Amino acid sequence: MSEITKEQRRIAIIGGGPGGLTLALILQRHGIPSVIYERELEDKSHERGGSLDIHEDSGQLALKEAGLYDAFQELARYEGEDFRLFDKSGNAYIDEVVDEEVPGGHGRPEIDRGVLCDLLLKEIDPATIRYGYKLDKAVSLADGMTELLFENGEVETAHLVVGADGAFSHVRPLLSDTDVGYSGLTMIELNVIANLHPDLAAFNRRGKMFALEDNKGILGQLNGDGRIKVYVSFKADRNWIEESGIKADQPQEVKTKLLEMFKDWDEPLQNYIRYAGDTVLPRRIYMLPVGFKWTRNPGVTLIGDAAHVMSPFAGEGVNLAMQDAMELALAIVRNEDQAKAIEEYEEKMYEYASEKARESADNLDLCFSDDAAKKLSDLMNSYHEQFNEV
Ligand SMILES: Cc1cc2nc3c(=O)[nH]c(=O)nc-3n(C[C@H](O)[C@H](O)[C@H](O)COP(=O)(O)OP(=O)(O)OC[C@H]3O[C@@H](n4cnc5c(N)ncnc54)[C@H](O)[C@@H]3O)c2cc1C
């Protein structure tokens with residue numbers, strides 16, 4: 001392997017989500033080819049949920065490295081940083097409206113997942129992406145290469161395989177026996193068309209609304225396409241979805257069940273459920289152990305959710321996926337020796353990702369504990385004080 005240059009190596013990226021796309025684009029900008037193998041037959045990012053806040057110190061750095069910062073700025077929704085926090089009776093704990101006169105807001109503007117992926121895809125050489133390639137299994141070969149077996153019957157080999165294939169990575173088993181665990185939180189994703197419900201649109205405003213109490217939550221998030229994404233969230237046994245009889249193709253029954261569960265919540269909060277359309281997506285939230293590490297292999301590594309899936313309560317998932325992509329790409333560019341590149345990337349990533357995984361786990365506990373709205377507002381106010389003091 002040492003006799004070929006990094007430009008000649010076959011780099012296989014499994015998964016064309018935000019992490020995999022960012023990695024391929026930054027490598028491309030440095031003249032290093034790669035191939036993305038994506039299980040879907042075409043890009044499905046528009047269908048795969050919500051608005052994402054892209055942070056100055058991670059996701060935005062990766063976009064700069066990918067040459068997309070200016071294009072991102074044109075599309076970013078700074079007003080999406082508005083945030084409202086209530087308890088179930090409708091008492092407001094935080095009611096923050098971003099001042100659009102202040103350039104950069106809090107440094108965490110929003111963009112819809114589909115718009116972000118389009119931005120990346122537009123710059124990537126189309127020949128880099130193979131759709132309809134679902135990895136079934138990866139096998140380490142004696143010469144240090146990895147064999148990739150796809151469900152469509154194709155077999156490929158690569159000098160470097162990067163698992164960017166999300167929470168249920170098929171690359172991770174090459175590196176570790178650890179699997180994702182259920183976090184204890186179940187979410188039912190709903191959608192409200194904001195235009196059709198001006199009362200709720202006015203209540204939600206331009207960004208996010210969290211209502212928390214009784215170990216439950218209703219979370220609303222205005223997307224750029226005019227939908228309010230709603231995540232009705234609660235602590236539940238792992239099998240709650242199956243045992244409750246909730247079926248994604250019976251939206252009316254789902255809404256009736258959820259309204260029953262939230263019957264003592266304030267009217268505008270219940271309206272997030274009442275006004276929802278027919279698209280229902282039940283989700284269990286999974287996580288890897290905080291501080292997860294694997295046995296080093298110079299021919300295989302992981303980025304994004306495959307490396308450190310965590311609950312969405314630190315708002316870090318996509319930012320870390322893009323930061324990982326940037327760090328790995330730059331380590332590959334810096335080092336002719338692939339093993340050294342992987343080591344540099346992994347050591348750096350373990351440090352920043354474990355810190356965010358801890359924060360995300362702590363936030364999840366806090367948001368579904370007693371007096372959650374008060375505790376979250378205290379925590380956020382203390383962040384703001386620190387931020388303003390610097
Ligand atoms: C409800 C919810 C809300 C969230 N909100 C936020 C938020 O506000 N902010 C934030 O930063 N993060 C948020 N996240 C997390 C964020 O979505 C993820 O962390 C991020 O998408 C990870 O990017 P990724 O590229 O690593 O993986 P993914 O986005 O999961 O992409 C993986 C890709 O791999 C493909 N793939 C999977 N398996 C295979 C296979 N076997 N073979 C080939 N291809 C495969 C998939 O089709 C997909 O395209 C949220 C997550 C959830 C569930």
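1. In this predicted model, the side chain of Glu110 makes a polar contact with the side chain of Lys208, at 3.1 Å. Glu110 itself belongs to strand 6, which covers residues 110-112.

2. Is Glu110 buried or exposed? Glu110 has a relative accessible area of 3%, and because buried means under 20%, the residue is classed as buried. Beyond its neighbours within four places in sequence, Glu110 is in contact with Ser51, Leu52, Asp53, Leu75, Ala76, Arg77, Gly80, Lys208 and Gln221.

3. The model contains an open sheet of seven strands, ordered 5-4-13-14-15-12-16, and the pairing is mixed. Strand 5 (92-96) and strand 16 (281-287) form the edges, each pairing on one side only. From one strand to the next, the twist averages 20 degrees.

4. At the strand 16 end of that order, strand 12 (residues 181-193) and strand 16 run antiparallel and are joined by six bridges. Glu189 has Leu281 of strand 16 as its bridge partner.

5. Asp214 has a phi near 55 degrees, a positive value in a residue other than glycine. Asp214 is located in the loop between strand 13 (208-213) and strand 14 (216-222). With a relative accessible area of 36%, Asp214 is partly exposed.

6. Asp371 sits in the loop between helix 11 (338-367) and helix 12 (372-389). Its relative accessible area is 59%; because exposed means over 50%, Asp371 counts as exposed.

7. How do helix 1 and helix 10 lie relative to each other, and what is the angle at which they cross? The axes of helix 1 (residues 18-29) and helix 10 (residues 317-334) come within 8 Å and cross at roughly 30 degrees. Helix 1 is therefore roughly parallel to helix 10, since angles under 35 degrees count as roughly parallel. The crossing of helix 1 past helix 10 is right-handed.

8. The residues that meet at this helix pair can be listed from both sides. Helix 1 contributes Pro18, Gly19, Thr22, Leu23, Ile26 and Leu27. In helix 10, they meet Val318, Ala321, Met322, Ala325, Met326, Leu328, Ala329, Leu330 and Ile332.

Definitions and conventions:
Residues are numbered from 1 along each chain as its sequence is written. This is a predicted model: local features need pLDDT of at least 70, side-chain atom pairs count only at pLDDT 80 or more; totals for chains, interfaces and linings use all residues. Side-chain values use heavy atoms; hydrogens and water are left out. Helices (H or I, at least four residues) and strands (E, at least two) are DSSP runs, numbered from the N terminus. Buried means under 20% relative accessible area, exposed over 50%, partly exposed in between (1.4 Å probe, protein chains only). A polar contact is a pair of N or O atoms within 3.5 Å; within protein, one must be able to donate a hydrogen and the other to accept it, and residues adjacent in sequence count only if both atoms are side-chain atoms. Contact means heavy atoms within 4.5 Å. Two strands pair if DSSP finds at least two bridges between them. Axes are lines fitted to C-alpha atoms, for helices over the stretch in contact, and angles run from 0 to 180 degrees between N-to-C directions. Angles under 35 degrees count as roughly parallel, over 145 as roughly antiparallel, 65 to 115 as roughly perpendicular and the rest as oblique. A crossing is left-handed if the near helix is turned anticlockwise from the far one by less than a right angle, and right-handed if clockwise.
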